[in-house]
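Open the model in your viewer and keep the selection tool at hand.

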Amino acid sequence: MRFLYLHSINMKTRTRRLRGNETLRRMVRETRISCDALIYPLFVREGKGIEEELPSLPGLTRYSPDTVAKGIDEALSAGVRSFLLFGVPKAKDENGSSACDEDGVVQQALKNIKKRFADDAYLITDVCLCEYTSHGHCGLIRDGKVDNDATLPLLAQTALSHASSGSDMVAPSAMMDGTVAAIRNALDAERFKDIPIMSYAAKYDSAFYGPFREAAGSAPQFGDRKSYQMDWHNSKEALKRIEIDIEEGADIIIVKPALPCLDIISQTARQIKLPTAAYSVSGEYAMIKAAAASGFIDEYKTMCESAVAVFRAGADILITYFAKDLAAAIRKGDVG
Ligand code: PBG
């Protein structure tokens, strides 16, 4: 008894001692993050000379294929080297046919960025149909419902067109079963065996995607995404989907959203033998921005704390709209 009592006093004193000085606090940090682990999402809209603020995502700019190099350049100067590209086309149709157009908006952006930056910028492309379909769903609609299997060849074709335009990695986000296998087969059959797939394996039907849908013009015109995105009451389902995507050939697993899914990130990172990426989505960003603009919270501190929490849960990679600001915080030493 007496020993235990002394022991607990000692532990308390020791943790206090280790917090006594800023240099020491930094020395004993358990979580460390690096700019290398950050991915910055960028929206590219079809057209020319576009450089527009996104009202739903304050502080972010939407570009066109001819101006996007500016956004890349700024991020590179801030120390961010990896990007996740989303396309917003002019024309949408039932089949989202501009998604796999060799001269589509993302394909044009890829070619322009690669021409200018070569391997200085690592380009990842989101593979989905919702930005390209007139109905705003991530798959083809047959008889009022999403047709999973009919969507797969289109997603594979889209991934292929991204790879041949210079994408370094593809990130399928449509949540159709069998997507990873379909894309892997298509890439392997061409000259793209070395292009990795970062799969949105555990993607919840989350209300936190709202601001993104405005930025990408991709809100569903009828119904919702509950038939293909996951119910946020479930966690075993997430782990099952992750297992299946790994079997199909995924190289990196995404969990999305991030803060509402710290438990899923933690379980995933412990169970899988591949890198875990967390996507801190548009609503998470907008929430901090809006609360800070109202004077309710400190934007910089909540950004730092939220990012570190995701890494502390076990994520290896963070996809975040705060990437540039976080890179600055990392350089200053305010986060690991
Ligand atoms: C495309 C896609 C979405 C997001 C990433 N890829 C929208 C959605 O599923 O509705 C959301 C990202 C964010 O909110 O930041 N399917």
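This is a predicted model: local features need pLDDT of at least 70, side-chain atom pairs count only at pLDDT 80 or more; totals for chains, interfaces and linings use all residues.

Residues are numbered from 1 along each chain as its sequence is written, and side-chain values use heavy atoms, leaving out hydrogens and water.

**Strand β9**

Select residues 198-203, strand β9; strands are DSSP E runs of at least two residues, numbered from the N terminus. Six of its six residues are buried, that is, under 20% relative accessible area (1.4 Å probe, protein chains only). Across from Ala202 is Val255 of β10.

**Ser199**

Now pick Ser199, also in β9. Ser199 has a relative accessible area of 2%. Its side chain makes a polar contact (here, N or O atoms within 3.5 Å, one able to donate a hydrogen and the other to accept it) with the side chain of Asp245, at 2.5 Å. Beyond neighbours within four places in sequence, Ser199 is in contact (heavy atoms within 4.5 Å) with residues including Pro172, Val180 and Ile253.

**Helices α11 and α12**

Finally, select residues 299-313 (α11) and 323-332 (α12); helices are DSSP H or I runs of at least four residues. Their axes, lines fitted to C-alpha atoms over the stretch in contact, come within 11 Å and cross at roughly 85°. The helices are therefore roughly perpendicular, a label covering 65 to 115 degrees. Show Tyr300, Met303, Cys304 and Ala307 in α11, which meet Asp325, Leu326, Ala329 and Lys332 in α12. These residues divide into six nonpolar, no polar and two charged.

Key. Axes are lines fitted to C-alpha atoms, for helices over the stretch in contact, and angles run from 0 to 180 degrees between N-to-C directions. Angles under 35 degrees count as roughly parallel, over 145 as roughly antiparallel, 65 to 115 as roughly perpendicular and the rest as oblique. Ala, Val, Leu, Ile, Met, Phe, Trp, Tyr, Cys and Pro count as nonpolar, Asp, Glu, Lys and Arg as charged, and the others, Gly among them, as polar. Buried means under 20% relative accessible area, exposed over 50%, partly exposed in between (1.4 Å probe, protein chains only). Two strands pair if DSSP finds at least two bridges between them.
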